[in-house]
Each structure stands twice: as C-alpha cells, then as structure tokens.
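Subject: Handover of the structure and notes on it

Dear colleague,

I am handing over the structure we spoke about, and I would be glad if you could read the notes below with it open beside you.

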Amino acid sequence: MSNDKGCLYVVATPIGNLGDISPRAVEVLGRVDLVAAEDTRHSGRLLRHLGLERPLLALHEHNERERLGQLLERLAGGQAIALISDAGTPLISDPGFPLVRACHAAGIRVCPVPGPSALIAALSVSGQPTDRFVFEGFLPRKAAARRERLDGLAAEPGTLVFYESSHRVLDTLADMCAVFGEGRELALCRELTKLHETVRVGLLGGVLAWVRGDESQRKGEFVLVVAGAPEQASPADAQLDSALRILLEEGLPLKQVAAIAARLAGVGRNQAYQRALDLQRQ
Ligand code: SAM
C-alpha cells in the first residue's frame with residue numbers, strides 16, 4: 001500500500017441501488033486501514049454485502065471534532081482511511097467537512113472516489129438547466145426561517161436544488177408556492193434509484209396538489225429541483241427596446257434608428273443595431 005500512505009479517501013456510496021457502487025470504491029474500501037463511517041452498523045452492512053471486512057470507526061456530526069486528532073494522527077503515521085456516509089457523497093449535507101479541512105491544513109493527501117449523489121442524480125433528470133445551479137441542502141425546519149431563506153432565493157436565476165424529508169415535504173412545497181408562485185416549474189425527485197422512484201415534473205401548484213392528494217407520494221427521501229427566476233430585462237434594455245420599436249414604426253433607415261435609440265438608452269450603437277435587426281425580424 002505504499003502509494004496509499006497517509007491518504008484520506010472520500011468515497012461515494014449508493015443512494016439506494018447497491019449496484020451503483022463503483023469498482024474503484026470497492027477496491028479502495030477493501031484495502032484501507034480504516035473506514036470512518038457516519039453509522040457503523042449501516043456501513044457494516046454495506047461492507048458485508050461487498051464481501052469486505054475492514055475496521056470501522058464512527059464519525060458523525062456529534063463526535064466529528066473529537067475524533068479529528070485520532071484520525072489525523074493515523075493519517076500522519078501513514079495509514080489510509082476511507083470516509084463514507086450513510087448514502088451518497090460524504091460532505092454533501094453529510095459529515096466530513098472538518099476532517100477534510102484538517103487534512104489540508106496538515107498537508108495530508110485527500111483523494112476523491114466519486115460516485116452517487118442525490119443532488120446530481122436529481123439535477124440530471126430534472127429537465128431544468130444544469131449550467132448554473134444553487135444547492136441549498138436542507139431548508140430550516142422552522143416555518144419563519146424557511147420562508148425567509150426562500151424569500152432570499154426568489155430572484156435567483158440559477159436552478160435551485162433542495163434536499164427534503166418526508167416530514168416536511170408538504171410544508172416546503174406550500175411555502176415554495178407562496179414565495180416563488182404556483183407557476184414556477186419544479187421536478188420532485190423521490191426515492192431515486194429505489195423501488196418507488198418517482199420523478200414528477202410540473203408547476204409548483206400542480207405538484208403540491210398531487211402530493212397533497214396522494215399520501216404515498218409523501219414517503220421516502222426527496223430532492224426538489226426548482227426552476228430559477230425568469231431573467232428580468234435590465235432598465236437600459238427595456239428602454240432600448242421601446243425606443244427601437246417607436247423609431248422602426250416611423251420607417252426610418254435601420255442605421256439611423258440604431259444611432260438614435262443608442263443615444264436615448266445609453267447603450268453602444270452596435271448593440272442597438274443588433275437588437276433593431278432582431279426586432280425587425282420579429
Ligand atoms: N450525501 C448525500 C448525497 O450525496 O446525496 C446526501 C445526504 S443527506 C443527509 C440525505 C438527503 O439526501 C435526503 O434527505 C434526501 O433529501 C436526499 N437523498 C438521499 N438519497 C436520496 C434518494 N435516493 N432519492 C431522493 N433523495 C435522496
């Protein structure tokens with residue numbers, strides 16, 4: 001294991017379907033000196049399923065800081081440690097952040113072993129743009145704080161991704177309707193890769209009514225992928241459009257239209273000319 005010396009492997013595990021574990025994850029889990037796991041009983045079952053037997057150490061949000069010293073000592077001593085969580089990619093709404101920071105500070109190598117994450121799985125099937133997205137993890141449990149967080153996101157143009165539990169999915173959908181409007185698109189992704197996998201795409205109001213009317217759709221684990229806010233035209237763009245429309249109606253030559261509108265809206269002549277061409281084509 002010479003190339004393993006003193007390395008923390010951050011290993012992704014399945015979010016439901018055990019067939020999603022990667023061959024490399026199995027190989028790394030099978031050869032590290034220690035597996036640091038959020039819930040050792042849960043992860044013990046996964047290791048047994050994979051035919052592996054490795055020492056396990058519990059590392060969860062309540063003991064993570066206490067365990068740091070011990071783990072860093074082992075890593076500094078040349079041991080290889082795998083960090084796993086109950087499901088998906090560690091640190092994504094899961095423990096591990098203080099350990100990874102501490103490894104970097106101590107000059108210890110941190111290696112990703114990528115694989116499943118509910119966030120990326122949901123985004124990939126949501127039908128929403130994936131070039132810009134905001135991952136919000138879990139919203140606050142208390143209603144007032146949840147509304148406040150949603151208020152702050154109402155104008156965000158990127159796709160919004162939230163984790164949610166069965167206990168709060170209805171309240172969260174209702175709050176989203178109130179803040180984002182019932183007409184905003186959403187993909188409700190439930191129990192991904194599992195038996196009752198559901199991907200329901202629609203408008204917030206319709207999806208809320210559907211979940212309200214069917215108790216079975218409130219069970220399990222959820223990712224809510226919400227469309228970003230529609231892009232607002234800037235005041236200068238709006239002014240340019242209105243000036244161009246009036247001047248085009250007058251039947252003036254395009255160059256002259258662009259020159260006058262550019263001065264009125266305070267934008268460049270080229271921009272005004274291109275926009276005038278677009279409007280003329282429309
Ligand atoms: N680290 C995990 C990951 O990479 O996805 C997330 C852990 S977080 C504690 C658990 C939350 O992830 C669940 O409450 C749910 O919102 C989401 N989640 C996990 N597995 C899921 C699945 N199979 N289908 C839908 N959502 C899931």
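Predicted model: local features only at pLDDT ≥ 70, side-chain atom pairs only at ≥ 80, totals over all residues.

The ligand and its surroundings

The ligand is surrounded by 19 residues, and the closest of them are D94, S117, A118, Y163 and F222. Sorted by class, this shell is made up of 10 nonpolar, 4 polar and 5 charged residues. The space that the ligand takes is the largest pocket. Two elements, β7 (159-165) and β10 (221-226), are the ones that give two or more residues to the shell around the ligand, and β10 gives the most, with 3 residues.

On the side-chain part of the protein, an N or O atom of S117 is 2.8 Å from an oxygen atom of the ligand. On the backbone part, an N or O atom of L192 lies 2.8 Å from a nitrogen atom of the ligand, while a polar backbone atom of E191 is 3.5 Å from a nitrogen atom of the ligand. As for the overall cover, the ligand has 570 Å² of accessible area on its own, and the protein covers 91% of this area.

E191 is not a glycine, and yet its phi is positive, at about 50°. The relative accessibility of E191 is 14%, and because the limit for buried is under 20%, E191 counts as buried.

T193 lies in the loop between β8 and β9 as well, and T193 also has a positive phi, of about 70°, although it is not a glycine.

Residues in strands

E164 is found in strand β7, and β7 is one of the elements that give two or more residues to the shell around the ligand. With a relative accessibility of 4%, E164 counts as buried, and its side chain is joined to the side chain of T172 by a polar contact of 2.7 Å.

L34 lies in strand β2 (residues 34-37) and is likewise buried, with a relative accessible area of 3%. Along the chain L34 and A80 are 46 residues apart, whereas their C-alpha atoms are separated by 6.9 Å.

An exposed loop residue

G51 is found in the loop between α2 (40-49) and β3 (56-58). The relative accessible area of G51 is 63%, which means that G51 is exposed, since exposed is taken as over 50%. From G51 to A233 there are 182 residues in sequence and, from C-alpha to C-alpha, 58 Å in space.

With best regards

Key:
Residues numbered from 1 in each chain as written. Heavy atoms only, no water. Near = heavy atom within 4 Å. Polar contact = N/O pair within 3.5 Å; in protein donor to acceptor, adjacent residues only side chain to side chain. Areas by Shrake-Rupley, 256 points an atom, 1.4 Å probe, with all protein chains shown as cover. 1 Å grid on protein atoms, 1.4 Å probe; cavity = no way out; pocket = protein on both sides within 12 Å on 5 of 7 lines; lining within 4 Å. Sits in = over half its atoms within 2 Å of the grid points. Helix = DSSP H or I, 4+ residues; strand = E, 2+ residues; numbered from the N terminus. Nonpolar A, V, L, I, M, F, W, Y, C, P; charged D, E, K, R; others polar. Buried < 20%, exposed > 50% of the residue type's maximum accessible area, 1.4 Å probe, protein only.
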